[in-house]
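Visitor: I'd like to learn how to read side-chain features in a model like this one. Could you walk me through a few of them?

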Amino acid sequence: MKISSTALYFGSRTAAALGNLISVAVFTHFIGPEEYGAYVLVFAWVIIVYGFTTQWMKFAYFGVYRAAQAGALIATYGRLALGVVAVASAAIAVTAMLTPMGGAFAAALVALFAGMTIYEAATEISRTRLQAGAVALCMVLRAAFVLALGAATLSVWPSAIALALAVAAGHLLAAVPSLISLRGFARAQPSREEARGLVRYGWPLIFSFGITALGFTTDRLIIAYFAGNAVLGPYGVVADLMRQSFMVAGESIALALVTIAKQQADEGRRAQSDATMRLAFRACVTAAAFGAAFFIIFGEKLVAILLGEGFAQPAYEIIPWIACAFFFMTIRVFYFSQVIYFIDATVIDPIVNVFFVVVSVVIALVLVPRAGAAGGAAALAIAHAG
């Protein structure tokens, strides 16, 4: 089971990452660095909203999931997520009316936030039910739909807002296989007891994931403020390309090995669970080290081939810093952050993440005005290492 599910997740995640790589290369040929920088800014705010509102539910659901209560848990999780999406969307709409945010920016933000939440919830439910095939299919479809819809939309409406709306639609369409697999739970009723269990387990994660989202996006927000979208565009596209590569291995390890280790622990097979987690640790370190070495050696040539000099030239100096940042991110996110599921101590996560965001913000504020994008990359690397 460990080998087959890991191979399936790794294969599908690799295919999805390749699709995302192609998407970025295609999108940057439709819009220039400044407009792509505007899209990076939209996505940064989406990550922050998602982190403070619905991301915690996914991990709380995984933490409390028991097969015997699957129906009530799935119904509760689904309704809770949709309810929070509705409230957050209303709050964004009000904010758009009271600030210079603008209606188009708000619409793109709401669409992408809702699409991401629904996709992540659907695939997480399939994951906990050990439906590796459905999750793998969703991963591949997300990459395919984002590429197809993004290219088609940008060909007639080349703008950051258009790209954000297309990516949102791609997420929604990709969630369909997982949603179809849940049709047997259509009549399941939500439970107040299960809702209390989700909140009780996950409330520390609300703050934790929100802070993490700030930490992951602070460099981009500060670069946009001090250097502008034209600098943010190349920085964001190079960071996203590299992040996708590291996420392939990290997500495959977490989806397969950590899921199995959690099930083994729930069944009282602690020795087996520990052995599986030791395997996960070795896999994380090996994959992260290989990825960092690859990009430090070949990153400049790869970026130049994929993106062209307009995006690649400003990004050369940040590649080593970004590679180091994602080396530490892989080990941190896909191994050490998983400890909360095994020791019932979700309060650890917000403590670590507060440290992360404080270090990231302070260093970025010091370095970005002086060094531009390189300062933001250095801040991200140091914060992940810390």
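Predicted model: local features only at pLDDT ≥ 70, side-chain atom pairs only at ≥ 80, totals over all residues.

Visitor: Let's start with charges. How many salt bridges does the structure hold?

Guide: The general idea is that side chains of opposite charge can pair when their charged atoms come close. Here the structure holds 6 salt bridges. Take Glu124 and Arg127, whose side chains meet at 3.2 Å, N to O. They both sit in helix α5, residues 103-128, and are 3 residues apart, about one turn of the helix.

Visitor: Are Glu124 and Arg127 buried or exposed?

Guide: Both are buried.

Visitor: And which residue forms a salt bridge with Asp240?

Guide: That would be Arg220, with the closest N and O atoms 2.8 Å apart. Asp240 belongs to helix α10 (residues 229-266) and Arg220 to helix α9, so this pair ties together parts that are 20 residues apart in sequence. Asp240 counts as partly exposed because its relative accessibility is 23%, while Arg220, at 11%, counts as buried.

Visitor: What about Arg269 and Glu267?

Guide: Their side chains meet in a salt bridge too, at 2.5 Å, N to O. Arg269 is partly exposed at 32% relative accessibility, and Glu267 is partly exposed at 48%. There's also a network of salt bridges, which links Lys58, Glu120 and Arg142.

Visitor: On to rings. How many aromatic pairs are there?

Guide: For these, you look at the distance between ring centres and the angle between the planes. The structure holds 14 aromatic pairs. One of them is Phe216 with Phe356, a tilted pair at 5.7 Å centre to centre and 50° between the planes. That pair links distant parts of the chain, since Phe216 is in helix α9 (residues 192-227) and Phe356 is in helix α15, 140 residues apart. Both phenylalanines, Phe216 and Phe356, are buried.

Visitor: Which residue lies over the face of Phe356?

Guide: Arg332 does, at 4.3 Å from the ring centre. Elsewhere, ring pairs link Phe246, Phe294, Phe295, Phe298 and Phe326 into a cluster.

Visitor: How many disulfides does a search of the whole structure find?

Guide: A disulfide is a covalent bond between the sulfur atoms of two cysteines. The search of the whole structure finds 0. Cys324, for instance, is in no disulfide, and the nearest cysteine sulfur, that of Cys284, is 17 Å away. The cut-off for the two sulfurs is 2.5 Å. Cys324 counts as partly exposed because its relative accessibility is 33%. Cys138, at 0%, counts as buried.

Visitor: Which helix gives the most to the patch?

Guide: Helix α15, residues 348-371, with 3 residues. Val352 has its place in that helix, α15, and counts as partly exposed because its relative accessibility is 39%.

Visitor: How far apart are Val352 and Phe30?

Guide: They are 322 residues apart in sequence and 40 Å apart in space, C-alpha to C-alpha.

Note on methods
Residues numbered from 1 in each chain as written. Heavy atoms only, no water. Helix = DSSP H or I, 4+ residues; strand = E, 2+ residues; numbered from the N terminus. Buried < 20%, exposed > 50% of the residue type's maximum accessible area, 1.4 Å probe, protein only. Phe/Tyr/Trp six-rings, centres within 6.5 Å; stacked < 30°, edge-to-face > 60°. Lys NZ or Arg CZ within 6 Å of the ring centre and 35° of its normal. Salt bridge = Lys/Arg side-chain N within 4 Å of Asp/Glu carboxyl O.
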